[in-house]
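Biologist: Could you take me through some side-chain packing here, giving the cut-off behind each term as you go?

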Amino acid sequence: MNIYPIETGNFKLDGGAMFGVVPKSIWQRTNPADSNNMCSWSMRCLLIEDGDRLMLVDTGIGDKQSEKFFSYYYLFGEGSLKDGIEKAGFGLDDVTDVFLTHLHFDHCGGAIKRNGENGFLPVFKNATYWSNERHWKWATEPNQREKASFLSENILPIQESGQLKFIDRKADLTTNVFPDIDVMFVDGHTDSQQLPIINYKGKKIVFMADLLPSVGHIPLAYVMGYDTRPLITLAEKDQFLRKAVEEEYILFLEHDHANECCTLKMTEKGVRLDKTFSLKEIG
């Protein structure tokens, strides 16, 4: 197995929204804000080469929305999904599986492209797109709180293409879906977010998506204002972080602008950051 971080670009979001009830005087120590209170965030995806399978985890924000839409998020950086995949030595048509942690626009927007003025097509024509039935229903029949994050042009063309498949969510916390890849389901940020756990060189790498956006979110109370069920997030984080320490997980951070990966340690104040490093540093 080979794994490659894919930098698809960066964006900015309000620091207060990203840290919920935590005061700016505290969160700005790890995530400094600009004069408009905006913090920088990555949209880092992961490419997994395993035998004949080439799996992409999440796809970034894409490029098909309007200039007005993108102006709200202050996109910056040179990275793009296509360039990142090609830099790893592959083409878009080589991707066999697209694993979407959830269907918010910054995670799935790059999965679909425009086809003419009003049409849309999958970017990865040879790939199976993976979601789960519970989250798909949640996203296609959205609540008012999340409606602006679930854009129909990002979601419905996946099903219309015939390339959509659902992972079976069982009662257990995790389920095995691919060789060397398990999936963990969490419900605090959005219903049935699915996070891959990758067995790699004797280690477990967890793609954190929005359960843990950055190392600044490690303390339990640091929960995003975007989360639909913050108390559930709190419980899910508590359980996961303890297990991550015990089993020495490597956390791959999708949104941390400064840090690609990290490990955790237990302290007298609870679970805290241990080390940060890049994916290529994993022995």
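This is a predicted model: local features need pLDDT of at least 70, side-chain atom pairs count only at pLDDT 80 or more; totals for chains, interfaces and linings use all residues.

Modeller: Residues are numbered from 1 along each chain as its sequence is written, and side-chain values use heavy atoms, with hydrogens and water left out.

Biologist: How many aromatic pairs does a search of the whole structure find?

Modeller: Rings of Phe, Tyr and Trp (its six-membered ring) pair if their centres lie within 6.5 Å, and planes under 30 degrees apart count as stacked, over 60 as edge-to-face and the rest as tilted. Searching the whole structure on that basis, the number of aromatic pairs found is 13.

Biologist: What is the geometry of the aromatic pair formed by phenylalanine 69 and phenylalanine 105?

Modeller: The pair links distant parts of the chain, with phenylalanine 69 in helix α3 (residues 67-71) and phenylalanine 105 in helix α5, 36 residues apart; helices (H or I, at least four residues) and strands (E, at least two) are DSSP runs, numbered from the N terminus. Phenylalanine 69 and phenylalanine 105 are both buried, where buried means under 20% relative accessible area, exposed over 50% and partly exposed in between (1.4 Å probe, protein chains only). With 5.2 Å centre to centre and 80 degrees between the planes, the pair of phenylalanine 69 and phenylalanine 105 is edge-to-face.

Biologist: Which parts does the pair of tryptophan 130 and phenylalanine 178 tie together?

Modeller: Tryptophan 130 and phenylalanine 178 form an edge-to-face aromatic pair, 5.3 Å centre to centre with 80 degrees between the planes. Tryptophan 130 is buried, as is phenylalanine 178. The pair ties together parts 48 residues apart in sequence, because tryptophan 130 lies in strand β7 and phenylalanine 178 in strand β9 (residues 174-178).

Biologist: Which residues of helix α7 are buried?

Modeller: Helix α7 spans residues 152-160 and is followed by glycine 162, whose phi is positive, near 80 degrees. What covers the buried residues of α7 includes α6 (133-140) and β8 (164-166). Those buried residues are Asn154, Ile155, Pro157 and Ile158.

Biologist: Is isoleucine 282 buried or exposed?

Modeller: Isoleucine 282 lies in the segment after β15 (270-277). Leaving aside neighbours within four places in sequence, isoleucine 282 is in contact (heavy atoms within 4.5 Å) with Tyr200, Lys201, Lys203, Ile205, Ile250 and Phe277. At a relative accessible area of 8%, isoleucine 282 is buried.
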